[in-house]
Amino acid sequence: MSAAAPAKPAAKKVARPNVRQTKMLIGGHWVDSESGKTFPTFHPATEEKIADVARATEKDVDRAVKAARKAFEGEWSKMDARDRGRLLSRLADIIEANKDELAALETLDNGKPIKDAMTADVPLVIDTFRYYAGWADKLTGQTIPVRGNFFSYSRREPVGVVGQIIPWNFPALMVSWKWAPALAAGCTIVMKPAEQTPLSCLRMAEWAIEAGFPPGVINVVTGFGDAGAALVKHPDVDKIAFTGSTETGQIIMKEAANTLKRVTLELGGKSPNIILADADLDAAVAGTDFGLFFNQGQCCCAGSRVFVEKKIHEQFVEKLVERANARKFGIGDPFDLETVQGPQIDKDQFDKIMSYIGKGKEAGAKCVTGGGRSGDKGFYIEPTVFDHVSDDMPIATDEIFGPVMSILPFKDVDEAVQRGNKTFYGLAAAVWTKDIAKAHAIAHKLRAGTVWVNCYDVFDAAAPFGGYKMSGIGRELGEAALSNYTEHKTVTVSLGG
């Protein structure tokens, strides 16, 4: 007997925002593509076209890099670090004053529920800019004791012109994670947002101009992979910062070798979420649900492999399925404040996820809930849970990037840790237990850049985030991110004698 859908409250919808900017920002000017070409961006909930956006060519990328170099060697290099910090603070203030518009743009272009954009994405955007505003005048060097009659000291200097390529799953948030540390360090930027979601970045660039950033410090080129490739290949780009798939990261790393660019990569994941028998079961179920289904499963750190101790396996699955079934009733218009799950980003991603659901069934995993499309318009997929998954099934090895969870029973802690680490990825992990000593021991053994204990997807601008193994190189956020954008210089002065 299936549960009846609870009565939904009257829709409380947020109005769709106006799209203000569809051109590229190069050298402080809003410009069309050199070719005159554009590309459409679509609303994933309705599949309707939102706007046509300028499509960058290699020549456009070259113009942007030249503008960034001119700014780096000109006014920006002469600006006091404290004044750079003030600009970042001013940008944070402007975004905060327009936070509802930014959240609505995220929902329009990405399809994520407006409530998530308002309560999760945008507040962290603002906090990130404010956090790095405070770092701008604190990038200090050291005095170094050396042999002989010399005075030696080090300086931290900006790496230079930075190419930044960001994904579509958290468009505004990724802008802040990339811009803020780079600008605090004194770099200039050429950013290429994802072709699926360019609108937030363009609006934030307008606010950056309003905040007073000099022309050429921030440049935005919109387009496809060829524009990103031109940025990676450009000989006058000093560093590439990329967030996206591991496969694209590998291509970037190979290409960057030709010019020996600095490279940081925040890539994919297949994160283990380990539930011990002594955990607070209800909290673990709620955290597991959130850790996978948040943002429609479109998170690089999603807890997609759920290892559950056999003693509580059946009880855990029963509670989780109940919660996932309740989530189905929250699928809907992402502009409705009651919606908890929106559509996937586009048809390609929708088809990929559905193919993996098919692979899971073919491999013999038990689909205990979901597994189908929701509705007949928009790229909606039901929250899907597979039980009795084995480690070698495609749904357990591959990053699906959708609302598909795999549950894998285990006997003891050592087995869970060993199987959790048995992956090419190492971005995140979690453990649920009331035994804090055991929690620390497991956290130390897990080969992942972030380990959450009795929680999931807790982020802060001060806490570094990044991956082991094929999940990337370098760290976003925290003091650690500033290392991505600075060079260490040693100066040694003879004191005579």
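Reader: Which residue in β9 does M191 stand opposite?
Author: This is a predicted model. Strand β9 covers residues 218-220 and runs parallel to β8, with three bridges joining the two. In that pairing, M191 stands opposite V220.

Reader: Which helix does the chain pass through from β8 to β9?
Author: The path from β8 to β9 is a β-α-β crossover, and its hand is right. The helix on that path spans residues 199-211. It is α7.

Reader: In which sense do β7 and β8 pair, parallel or antiparallel?
Author: Strand β7 spans residues 161-165. Five bridges link β7 with β8. The sense is parallel.

Reader: What is the bridge partner of I165 in β8?
Author: I165 lies in β7, which spans residues 161-165. Strand β8 holds residues 188-192. The partner of I165 there is K192.

Reader: What hand has the unit made by β7, α6 and β8?
Author: Helix α6 covers residues 171-185. Together with β7 and β8 it makes a β-α-β unit. That unit is right-handed.

Reader: How many of the residues of β8 are buried?
Author: T188, V190 and K192 point one way from the strand. I189 and M191 point the other way. Residues on both sides are buried, under 20% relative accessible area. The count for β8 is five of five.

Terms used. Residues numbered from 1 in each chain as written. Predicted model: local features only at pLDDT ≥ 70, side-chain atom pairs only at ≥ 80, totals over all residues. Heavy atoms only, no water. Buried < 20%, exposed > 50% of the residue type's maximum accessible area, 1.4 Å probe, protein only. Helix = DSSP H or I, 4+ residues; strand = E, 2+ residues; numbered from the N terminus. Pairing = 2+ DSSP bridges. Right-handed = clockwise from strand over helix to strand, strands pointing away.
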